[in-house]
Amino acid sequence: MLPAFDSKSELHLHAYGCLTPDQIFMLAKDLWKSKKDRLAWYEEEYFKAFGVKSQWQDFWTKENGFESLKKSYLCTSKVSFLQFQAKFNLIIALFPLDPQDTQVIETVCHAHQKQGLNYCDYRVVFPMQFTNKDLGLYLHAHSQKVLAIENMYDSQFIPRLVWSLPRNNEILYTAYNKL
């Protein structure tokens, strides 16, 4: 049974976009070294958008690294879409889609439950680059994870997944046929 949709419900959340600087910092503290090539790409895109480097090398190695990460990631004033994307690319660089990695959806679900939400619809990207086998693993792993989280909270917190399909009709039909 679904809860009454009220101020404790969120009906359109982008799972990866819900990550806070604290969560990014904690989730990436042990894996950032293995993502240096992806972080170099992030640095290039950030420079194109802002004309300065993000200093990602300092995020986990310097005393003020967390503050640098927050400054490079958060949009605290009006920015162009190019600049927004450059900031979001940090998440893309650190957390590439993996068929069985559910750490992002798990992290944001637990955070939202702790905030007092009782229902959340999470938009999750439909990874076109996956083989049919990996796509099945990805859909299954994420579906099982949100079900386990709902059960963990005895249905007092209900997370749901909404698969974000491509808007380009040609690509959309390809995605649909993969299902």
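Me: What makes the contact of K48 and E45 a salt bridge?

Reply: A salt bridge is a side-chain nitrogen of Lys or Arg within 4 Å of a carboxyl oxygen of Asp or Glu. The side chains of K48 and E45 meet at 3.0 Å, N to O. That is within 4 Å, so the pair qualifies. By this rule there are 4 salt bridges. This is a predicted model: local features need pLDDT of at least 70, side-chain atom pairs count only at pLDDT 80 or more, and totals for chains, interfaces and linings use all residues. Residues are numbered from 1 along each chain as its sequence is written, and side-chain values use heavy atoms, with hydrogens and water left out.

Me: Why are K48 and E45 about one helical turn apart?

Reply: Because they lie 3 residues apart in helix α2, residues 36–50. Helices (H or I, at least four residues) and strands (E, at least two) are DSSP runs, numbered from the N terminus.

Me: How do you know that β1 and β2 pair?

Reply: Two strands pair if DSSP finds at least two bridges between them. β1 and β2 (residues 119–125) have 4 bridges, in the parallel sense. So they pair. In β2, Y119 is the bridge partner of S9.

Me: Which strands are called edge strands?

Reply: The open sheet has 3 strands in the order β1-β2-β3, with parallel pairing. β1 (9–14) and β3 (158–164) each pair on one side only, and they are the edge strands.

Me: Which strands does helix α5 touch?

Reply: α5 (residues 103–114) packs on the sheet and touches β1, β2 and β3. Contact means heavy atoms within 4.5 Å. The direction of α5 makes about 160° with that of β2. Axes are lines fitted to C-alpha atoms, for helices over the stretch in contact, and angles run from 0 to 180 degrees between N-to-C directions. Helix α6 (residues 132–152) also packs on the sheet, touching β2 and β3.

Me: What is the volume of the largest pocket?

Reply: About 600 Å³. A pocket is an open set of points on a 1 Å grid over the protein atoms alone, where a 1.4 Å probe fits, with protein on both sides within 12 Å along at least five of seven lines; lining residues have an atom within 4 Å of a point. The volume is the space filled by probe spheres set on the points, which are joined across faces, edges and corners. Among the 21 lining residues, H14, V124, V125, F126 and S164 are the closest to the centre.
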